[in-house]
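Student: I have just opened this one and would like to go through it slowly. Could you walk me through the side chains?

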Amino acid sequence: LLPEFQVKQKTIFLSATAGMALLFVVSMLVYNASTNAPSEPIPAATQAALVRAHSPTLGAADAPVVIVEFLDPACETCGTFYPLVKEMLAANPGRIRVVLRWAPFHNGSQDVVAMLEAARRQDKFWPALEALLASQAVWSPDHAPQVALAWKQLEGLGLNRDKLQADMAAPEISRLIAQDLADAGTLGVTMTPEFFVNGKPLPSFGYEQLKQLVDDALKQTRTLP
């Protein structure tokens with residue numbers, strides 16, 4: 001699908017390495033031995049890399065707690081965490097905003113991200129994302145994303161396929177993905193999902209660590225005047 005688009009994209013995304021899966025597994029083993037070290041905010045100089053105007057968001061724009069998630073649509077753990085994060089959002093209406101950033105580290109994921117961004121231009125972003133996260137095993141067998149198979153998972157959403165294909169090749173979409181990858185590098189993101197809560201990274205990876213950081217942020221913002 002769109003071979004000329006894929007060739008163009010390769011010049012941007014050569015930094016994604018085949019060793020990412022191994023790094024993820026090793027890191028998960030390390031993260032499981034979590035510590036109770038407090039999480040410190042990222043340096044002020046890198047705060048601008050957290051959120052961009054183009055980032056998809058869920059929740060109230062003025063919510064006092066902002067969860068920034070770097071996500072790869074082909075990442076199984078991202079698929080596992082997505083409904084958990086939505087539960088936090090639903091349990092705290094008006095108090096949490098979720099900001100998605102792209103980190104397509106799997107080879108070929110950048111094309112699927114472009115598809116999702118193209119779906120956003122037809123107001124189908126969240127249904128498309130949820131459909132793909134729920135069917136990763138189908139369109140990304142052995143962690144090898146395939147755009148043609150991913151498209152089949154979106155066929156019931158009423159998307160205009162011709163427009164979708166044209167928008168996938170839009171230079172604006174290429175630039176925003178490249179910006180997210182650059183910001184991921186600035187923030188030291190090397191795997192997905194990676195979370196920041198009100199500017200603080202997780203002290204170690206895990207759902208409980210994320211929930212604790214969110215709960216702490218909610219308590220802190222309740223005490224503010």
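Tutor: Let us begin with R120, which lies over the face of F125, at 5.7 Å from the ring centre; a charge sits over a ring if NZ of Lys or CZ of Arg is within 6 Å of the ring centre and within 35 degrees of the ring normal. Please keep in mind that this is a predicted model, where local features need pLDDT of at least 70, side-chain atom pairs count only at pLDDT 80 or more, and totals for chains, interfaces and linings use all residues. Residues are numbered from 1 along each chain as its sequence is written, and side-chain values use heavy atoms, with hydrogens and water left out.

Student: Is F125 buried or exposed?

Tutor: F125 has a relative accessible area of 4%, so it counts as buried (under 20% is buried, over 50% exposed and in between partly exposed, with a 1.4 Å probe and protein chains only).

Student: And how many aromatic pairs are there in the whole structure?

Tutor: The search finds five, where rings of Phe, Tyr and Trp (its six-membered ring) pair if their centres lie within 6.5 Å, and planes under 30 degrees apart are stacked, over 60 edge-to-face and the rest tilted. W102 and F125 make an edge-to-face pair, with 6.0 Å centre to centre and 70 degrees between the planes. This pair links distant parts of the chain, as W102 is in strand 3 (residues 96-102) and F125 in helix 5 (residues 125-134), 23 residues apart; helices (H or I, at least four residues) and strands (E, at least two) are DSSP runs, numbered from the N terminus. F125 also pairs edge-to-face with W126, at 4.8 Å centre to centre and 85 degrees between the planes.

Student: Which residues of helix 5 are buried?

Tutor: They are F125, W126, A128, L129, L132 and L133. These residues cover an arc of only 160 degrees around the axis, so they are on the same side of helix 5; the arc is that of the directions from the helix axis to the C-beta atoms.

Student: Changing topic, how many disulfides does the structure hold?

Tutor: It holds zero, a disulfide being a pair of cysteine sulfur atoms within 2.5 Å.
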